[in-house]
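Have a look at the structure, then read on.

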Amino acid sequence: MKKSILLIILLSSLCLMACHKKTEEAAPVETAPKATEAPVLNAPAAKTEAEMSDAEKEMAKKQALMDYGVMEDTYMNDSKAQWASSAKASSTFGDDDGKTPSSSNVADNVVGKVDGKTWTNNNQEIGFDWLELTYDKPVAATEVRLVMPNGDAPEAISKVELQDTESKWHTVWSGISDVKNDSRGNRTWFVKTFPKTAYQVKAVKYTMANNVSHGYKYVDAAQLVGE
Ligand SMILES: [Ca+2]
């Protein structure tokens, strides 16, 4: 009997000690002194257009033109980019009733570098049109670029597909285009970037939903980026 009482007292003491220890452990850690905050620079907040002087507006406009120039120059001289070597399309302006369209509108105008000559589709707001471009050197692709003269056509692009060397098509993007007319320059670059493909890409197909942006669609050139 005495042993039992002793055991109970011993167990109670152990429990008390353990509980006390736990309480100690749970005690809030003293807050570490705050790291010195980074000095606040007295840089002026970006002004809205309404707050800008005429001179500042002019400079901002020139900066936008410069930014576009740098962007386009980077794309044009990208060593990992190649221009399309052949092109075909679902329709060409003037190909109604079996007529032969003018050479100024054919898909061949998309072959090679940007030169101002374009393919024009034959539908303003009905149905879908597609433009398919092939490239000389198949690559593991990371990006595609479509160069369109200024207009709202970039908004109509609804799908981008890549064709591998076994002629199988892979959709890398589809949806509502968020690319708008780039008013900083004469062309709009529709650019889609994606994870490097596990397959070699030899052709790219762009689909356009004509009703999303009414009017004829024009394309000047197209690049495939990869290595
Ligand atoms: Ca062209």
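How much accessible surface does the protein have, and what share of it belongs to carbon and sulfur atoms? The accessible surface is about 14,600 Å², and carbon and sulfur atoms account for 56% of that. Areas here come from the Shrake-Rupley method with a 1.4 Å probe, and for residues only the protein chains shown count as cover.

Some ground rules before the details. This is a predicted model, where local features need pLDDT of at least 70 and side-chain atom pairs count only at pLDDT 80 or more, while totals for chains, interfaces and linings use all residues. Residues are numbered from 1 along each chain as its sequence is written, and side-chain values use heavy atoms, with hydrogens and water left out.

**The overall layout**

The protein has 2 helices and 10 strands, in the order α-α-β-β-β-β-β-β-β-β-β-β along the sequence. Helices (H or I, at least four residues) and strands (E, at least two) are DSSP runs, numbered from the N terminus. Of its 227 residues, 35% count as buried; buried means under 20% relative accessible area, exposed means over 50%, and partly exposed is in between (1.4 Å probe, protein chains only). Take the contacts (heavy atoms within 4.5 Å) between residues at least 6 apart in sequence: 79% of them join residues at least 24 apart.

**Strand 8 and its partners**

Strand 8 (residues 200-209) has 8 of its 10 residues buried, so the rest of the structure largely encloses it. Strand 4 (residues 128-149) pairs with strand 8 in the antiparallel sense over 9 bridges, and Val139 has Val201 as its bridge partner there. Strand 5 (residues 157-164) also pairs with strand 8 in the antiparallel sense, over 7 bridges, with Glu161 opposite Lys205. Two strands count as paired if DSSP finds at least two bridges between them.

**The nonpolar cores**

The largest nonpolar core has 30 residues, and Leu133, Leu146, Val204 and Tyr206 have the most contacts inside it. Strands 4, 5, 8 and 10 each supply at least two residues of this core, and strand 4 gives the largest share, 8 residues. A second, separate core of 8 residues includes Tyr68, Trp83, Trp189 and Ala221. A nonpolar core here is a set of buried Ala, Val, Leu, Ile, Met, Phe, Trp, Tyr and Cys residues joined through side-chain atoms within 4.5 Å. In soluble globular proteins, nonpolar side chains tend to be buried together.

Leu133 shows who meets whom: leaving out residues up to four places away in sequence, its contacts include Val110, Leu146, Val204, Tyr206 and Ala222.

Asp129 is in strand 4, and it counts as buried at 2% relative accessibility. Beyond its neighbours within four places in sequence, Asp129 is in contact with residues including Ser90, Asn121, Tyr206 and Asn210.

| Side-chain pair | Distance |
|---|---|
| Asp129 and Asn121 | 3.0 Å |
| Asp129 and Asn210 | 3.1 Å |
| Thr188 and Asn181 | 3.4 Å |

**The calcium site**

Which atoms coordinate the calcium ion? They are Asn109 (O), Asp115 (OD), Lys117 (O), Asp220 (O) and Asp220 (OD), at 2.3 to 2.5 Å. Donors are N, O and S atoms within 2.8 Å of the metal (3.2 Å for Na, K and Ca), and because water is not among the atoms, sites may look incomplete. Along the chain the donors follow the spacing N-x5-D-x1-K-x102-D. Asn109, in the loop between strand 2 (86-89) and strand 3 (119-120), and Asp220, in the loop between strand 9 (218-219) and strand 10 (221-226), are 111 residues apart, so this pair links distant parts of the chain. Asn109 counts as buried at 12% relative accessibility, and Asp220 does at 3%.

Note on methods:
Polar contact = N/O pair within 3.5 Å; in protein donor to acceptor, adjacent residues only side chain to side chain.
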